[in-house]
Every structure is written in structure tokens, then in C-alpha cells.
Amino acid sequence: MSSMSDKPEKLITDDGLRLDGRRADEIRPMKIEIGVLSRADGSCYLEWGRNKILVGVFGPREAHPRRMQRADSAVIRYKYNMASFSVEDRARPGPSRRSIEISKVSREAFEPVIMAELFPKTAIDIYVEVLQADAGTRTAAINASSIALADAGIPMKGLITSCAFGKVDGQIVLDLNKEEDNYGEADFPVAMTQDGEITLMQMDGHLTPDEIKKGLELVKKGCKEILEIQQAVLRKKFETPVEETVEEVTDTEDTGNKIVEAEEPLEYASEAAVVEEALEEAEELEEEQLCEETVETDAVAEEIPEFEELENIIKEAEALVEEDTEEDVVEAEIEEEALKEEALEEEALEEEALEEALEEEVLEEEAEFEASFEAAPEPEDFEELEPIEEEVSSEVEEVEFDSEELAYEEAQLEEETGIEEVASEETFEPKPKIESETKTRTEVPAEEAVKAKVEPDEKKCEGPWKVVKDPSESGSRGENE
Amino acid sequence: MSEIIATLKKDYIYNLMIKGKRQDGRGFKEFRDIKLETNIISKAEGSAKVTLGNTQVLVGVKLQPGTPFPDSQGEGVIITNLELNAIASPDFEPGQPKEDAIEMARVVDRGIRESGTIDIKKLCIAVGESVWIVHIDVHILNDEGNLIDASCLAAIAALMTTVVPNEQHGIGKNVPLAMKGMPVGVTLAKIGSKLMVDPSLDEEAVCETKLTIVSSSDGSIAGMQKMGPVPFIEAEVMEAIDMACEKAAELRGLYLEGLANKE
């Protein structure tokens, strides 16, 4: 492919700099923008060096043709496509052998992390358009797809990050640019999970086993850097209020800086450092902003009275049955409080799932099924809160039924003892206390309901949805979509 | 391409593997019996058939003069084609090659191209005007697993016996195709955390992930491809490379070096 006439004399200068001024272990600057396509369920625009990649994710949606459907999981489809103008010599439109191969290995790179088993009979489509190619398009496309999948709310066990290493002038270097790709001695694209498990690995060229070992170390470092950028972008998107933005494509010369700019500055992600600064600011604003934005808020707010009643009844009954002291009652309440929150969260989750699946009836059913799945309490909670679990379970009818029972019990007990009056009074008092404790933050009373539901979202991170968030932050940020 | 394999069979193979055994009694580093025949198609400039267990692959090499690519005017062109013929398995269908076939073809091609085994500079007839186009056509005749290794071996053997048909085109005497080094592909199947060479059809169905490593005569790696969704960890990759290089050297000694001496 390479015409030797154009080959630069040296791809790495004596002081160890590459043609684009990078050192051997540096990646090209990467810019990521999330949610750039309104019709796609999730999307991402990524620039990496002079690569420009656009990814749209659709689904889970009904798989067509129907024979493609899988009874036990979603099918994942990955289409890598190069625009005919994306390369020096016009590429023939349509799938080439190269793009078919890349689509296959890229799909396989994602299969270990996408929780396809949650969406039987559906398809998750990942469409990659390479708008401008400049070496390393498959790795760039994978990085972008990871973000687009998260943007689409597809449950994943973690992000996939991809980077290549290669050999140039006998030296192992990270993230080849075009010249290095053309005239270098080897190219070794890798994709890995957050835990460093390799999900894509290809290689061509000439490498010794030792060089491969060294390269894999290098690529791990590169992937880590990229992961940080990805996480920062996701956090920013899901931490700030989602406002309507008018987007426009601005062409800033051909220096590889064609940028899709959003009017809202926060939406635009540049280098990791910048992102992170903005991130910290965003964090400070977080709480107030959160309260207003979420769609789920209303739904949950409506449900709260129901739960309060139920909760009180439960508490009273329990207090009576156990004949606990007042302190114990308060303790029990705290537990129940937590449970309630969980219940709310589960409701919210269920609704979310339903909303996502709106179009297809089939999907709706499945989402419900899932939601009930998720509604199952976490193992730890299970031990502590066993008695109350049943009431909390997602079926509303069940809950009502139980509450009647409890009311009856309560009445009986009331006849027997007088303690419960004290207890029941107490139940109303500590509640606000507990809430403010768990939050230790600002507390406009009207917003309490909202907060009560914002908090449970944290726990959501432990569920199958955790990918969208950063597990290491365990709920302190990014949990509100 | 993997056949639907009964869960029972899957369990069986998996349990055997845990005990360190394989269905057909082979060791984890053991290939099935290989038979290599060369020059079996006289119309082709080079040909070879590899029988690997029950897997059968036939490779024919044709050379034709053609125009060079604009960016490499003095170099010959290598085109590798691989088809999963419907004759080879009930799972294969006639028609356009599917992604599996395309991937295999490209892995085989990469091994040959990147190892530099064909001296493409010597395939130039007239700079910028005419060069030899080397068509490597891989015909899968029977799929009993590990098509890639069989294809790689057959392709390199066919190339090593290829004669450049100069006489036919009135440009001098026929000469053997200029070759250096012998790249050999070795595919490892990963089942659990174990690696085994030369997976059979059933093992391919169970393993989900394979790693093909093409290594050259000097022990360097010319091409790699991970196929399938299950991830590898770094230690496994290095282990796989060691195993592949070892087996490749063995195959080279057993089957290919003899061919080289004949020339």
C-alpha cells in the first residue's frame, strides 16, 4: 500500500519525538461529544487525531428479519462503514471485505459487556460512520460506540476502551498516526474492558513476542487514559441538566479540528483535563439541578403518599408485634425508610424500562419482566430486611393487600396494648430527621420527596445499569439521568 | 459456522477439558494428523491440499500479468480469496461470502502478506505497467474445524511450489516464485482458562473464542486475530504466543522445509 517515495526519512526523531510531536507513549488528542443525533437512542461523535467518527445506537428494538431474533438474548449488530470521501482515494461505497471484518471483531469486542440477555428477541444496532479516516479508525469507532451505547442506556458491565500500539523505526509506540501506520513495521489494535480483559486483538506486521509484551503494557496505559476521558464525558452529560441544544457543525479548517459544537458549552467535551474541571463545577451545582430535571420525579412524587401510608402501617404493626422500646422502633423505622426508598427506586426503574420499550408491545412485556427482576432486593438487604421485603415487592396489588392485613393486625394489637399509640406517633416524627441525615445537605421541605427519590438512584448503580455511571464513585455523581 | 451442538456434548467436552483431556484423546498441544500434498492441480501455477484430521482444504495459486497499484508501481499484487463452499458443511450456504469467510481470508492473507514471504519486488514485469498478480484461492472442501491453520499451511505450501509462468507470456524462462521465510498459522481455542491447539469442530463450537497467531521462520509474529466474544487476559496472550511459535516451528520442520529443499 505504501509508496516508498513519500516515506519520511525518520518517523521518530533522535530526541524521541514522533512526526506529530508525540512521545512514544502518548495518544493523539481525543474529543468526544455525546448525544449528537436526535433520532438515535444513543450517539457519539468522536475525534481522535484527524479521525472523525460518528456512532448511532438504536435499540433494544424488535429484531428484523425475525429469524435473526434470539429467544434468550438480544442480537448485537455492529456496522462499520467508511464514507467514500473519508480517505485519500475515494472508497467505493458500501461494505468492503475490510469493513465486514472490522464489524465482526468490533461486535465481538462488545459482546462480553453488553447485557444482551436482558432483552430477548430484540436487536441492538450500532452504526459506525467513519467520516474522516486517519489510522486507527476501528479503535476510535469502538471508543465512540462505548459512549453511544451508554448514552442509549444499554446495560453494560463496563465500558470498552480501545487503542492500538505498533512498531515504528524499531520502537514500540502507542496509537499510530497515518504515516506510522503506512510506513511502520506493525499495527496491533486492542480493545479491553475496564478490568483489562482483552476483547479485541488483531495484529499485522512484524513483532517479536517480547515486543508484544511491551506493547500490551503500553496499550493498557493508553486505554486507561481513554477510559478517563470516556468516563468524564459520561459524567458530564448525566450530571448536568438536559436542556434542548441546537447543534451545528462548524468547520475549523482541515487541521482535524472539525467539531460538532453544541451551544451549551458544558455539552462540549475537549481534553480530559478541561472536562474534569468543568466536572467539578458541575458537581457543586449537582444537587439543586438534579431536583428539577428528572422525568421520573413526578411519577414518584405521586406515589409517595401511598408508600407513606403503607410504611406507617407497617411500622406500627411491627413495633407492636415486637413490643420494642421506643428506640428500637426508631431503628426499625430507619430500616424501613431505606426499604421504602428502595421500593421507590424500583418503581422508577420499572417505569424507566417501560418508557424505553414504549414502541413495541413485546418489549413492554419484557421490560416489565426485567423490572420485576431488578426489583428483587440486593442480597445484603435481604438478610436484614427480610420481613418487609414482601410488601415492598413491585406488585402494587400485593402491597395493598398486605397493608390491609397489617391494618387489621394493628387494630387487634391496639386493643391489646397501649404502647402502639406512642410508637405510631413517633413514626411520623423521625422521618424527616432520617432523610436529612442520609443527605446531610440542603433541605427545602418541598424538595424532600424529590430527594428521597434521587437518593435511591444511587443504589441503582449496583444494578445492571451501573455501566452508565462510574462504579468507583459509587453513587456520588452521575447517577441522575 | 459453528454447528449447533447439544448441551450434553458441550458439557462432555468441557468436563473432559477440566480433566486435561480432549474428545479425541489428543493433548492440548497436539495437532490432528496432517497430510500435505502439493502440485495436485496441474492447471494451477501452484497448488496444495492439506488434510487436517478430517478437515480438507485445497489451495490453488494462479499468476496473471496485470497492472500494479498506483502507489506501488514496481510491486506484484497478492489477492487472497477464501470461500466456505456449501460442499464443505451443511452449515454453509451458496452465495456471497459471509463475515466468517471474509475474516478467515483476511487472516490468511495477512499472514502471507505481512511476513513478506513473497518477494513482491521480484514480481514486477515492467514498472508501472505490468506486474504479476498472485491469486491465492482457498477452497474449503470439508469443515471439521480449524480451517484457518489448514488454509495457512496449504497456502504457503502452494506458494512454495508455484512456478512463475514466464514462458506462457513470452517473457523468459519459468522460474520458481521467489520466497523467503515460511509463515505458519496456529489457532488456539480458549476453553475456560485453558488453551488448546487445532480445535476440532466440536471444540470450536464449545470454545467461543479462538486466537490465531501467524509466526514466521525467525520466530517473529506476522499476524494475530482474536475471534469470538470471550476476552483474553494478557498472560494468556503471551502463553498463546509461546505455544503457537513452538507448534509453528514443528509444522514448518515437518511439512514445509522438505518443500523448500526440493527447489
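Helices and strands are DSSP runs, helices of at least four residues and strands of at least two, numbered from the N terminus. The legends below describe close-up views of a predicted model.

**Figure 1. The loop of chain B that holds B:Asp198.** B:Asp198 is located in the loop that links strand S10 (194–197) to helix H4 (201–207) of chain B. Its phi angle is near 50°, a positive value in a residue other than glycine. There are 25 other C-beta atoms within 10 Å of that of B:Asp198, and the residue is therefore buried, the threshold being 20 or more.

**Figure 2. The loop of chain A that holds A:Lys121.** Between helix H1 (97–110) and strand S5 (122–132) of chain A runs a loop that includes A:Lys121. This residue, which is not glycine, has a positive phi, near 70°. A:Lys121 counts as buried because it has 20 C-beta neighbours inside 10 Å.

**Figure 3. Two cis peptide bonds of chain A.** The bond that joins A:Gly59 to A:Pro60 is cis, and its omega is near 5°. A:Pro60 belongs to strand S3 (residues 51–62) of chain A. A cis peptide bond also leads from A:His64 to A:Pro65, with omega near -5°. A:Pro65 lies in the loop between S3 and strand S4 (75–82) of chain A.

Figure 4. A:Glu9 and A:Asp169 are 160 residues apart along the chain, and a distance of 9.9 Å separates their C-alpha atoms.

**Figure 5. The five-stranded sheet of chain A.** Chain A contains an open sheet of 5 strands in the order S1-S2-S3-S5-S4, and the pairing is mixed. From one strand to the next, the twist averages 15°. S4(A) and S5(A) run parallel and are joined by 8 bridges. Opposite A:Val130 in S5(A) stands A:Met82.

**Figure 6. The packing of helices H2 and H4 within chain A.** Two packed helices are described by the angle between their axes and the distance between the axes. Helix H2 (residues 137–151) of chain A packs against helix H4 (residues 209–239) of chain A at an angle of about 30°, and the axes are 11 Å apart. H2(A) is therefore roughly parallel to H4(A), a description that applies to angles under 35 degrees. The two helices H2(A) and H4(A) cross in a right-handed sense. From H2(A), the residues A:Asn143, A:Ser146, A:Ile147 and A:Ala150 take part in the contact, and they meet A:Ile226, A:Gln230, A:Val233 and A:Leu234 of H4(A). By class, the contact of H2(A) with H4(A) comprises 5 nonpolar and 3 polar residues, with no charged residue.

**Figure 7. The interface between chains A and B.** In chain B, 27 residues are in contact with 27 residues of chain A. On the side of chain B that touches chain A, two or more residues each come from helix H2 (99–114), strand S12 (221–227) and helix H5 (234–262) of chain B. This side of chain B has 13 nonpolar, 5 polar and 9 charged residues.

**Figure 8. The pairing of strands from the two chains.** Strands of a sheet pair through backbone hydrogen bonds, either parallel or antiparallel. Strand S9 (residues 198–207) of chain A is antiparallel to S12(B), and 4 bridges join the two. A:Gln202 has B:Gln225 of S12(B) as its bridge partner.

**Figure 9. The crossing of H1(A) and H2(B).** The axes of helices H1(A) and H2(B) come within 9 Å and cross at roughly 105°. H1(A) and H2(B) are therefore roughly perpendicular to each other, since this class covers angles of 65 to 115 degrees. H1(A) contributes A:Arg97, A:Ile100, A:Glu101 and A:Lys104 to the contact, and H2(B) contributes B:Glu99, B:Ile102, B:Glu103 and B:Arg106. The residues in the contact of H1(A) with H2(B) comprise 6 charged and 2 nonpolar, with no polar residue.

Conventions. Residues numbered from 1 in each chain as written. Chains lettered and ligands numbered in written order. Predicted model: local features only at pLDDT ≥ 70, side-chain atom pairs only at ≥ 80, totals over all residues. Buried ≥ 20, exposed ≤ 12 C-beta atoms within 10 Å, placed from the backbone. Contact = placed C-beta atoms within 7 Å. Nonpolar A, V, L, I, M, F, W, Y, C, P; charged D, E, K, R; others polar. Pairing = 2+ DSSP bridges. Axes fitted to C-alpha atoms, helices over the stretch in contact; angles between N-to-C directions. Parallel < 35°, antiparallel > 145°, perpendicular 65-115°, else oblique. Left-handed = near helix turned anticlockwise from the far one by under 90°.
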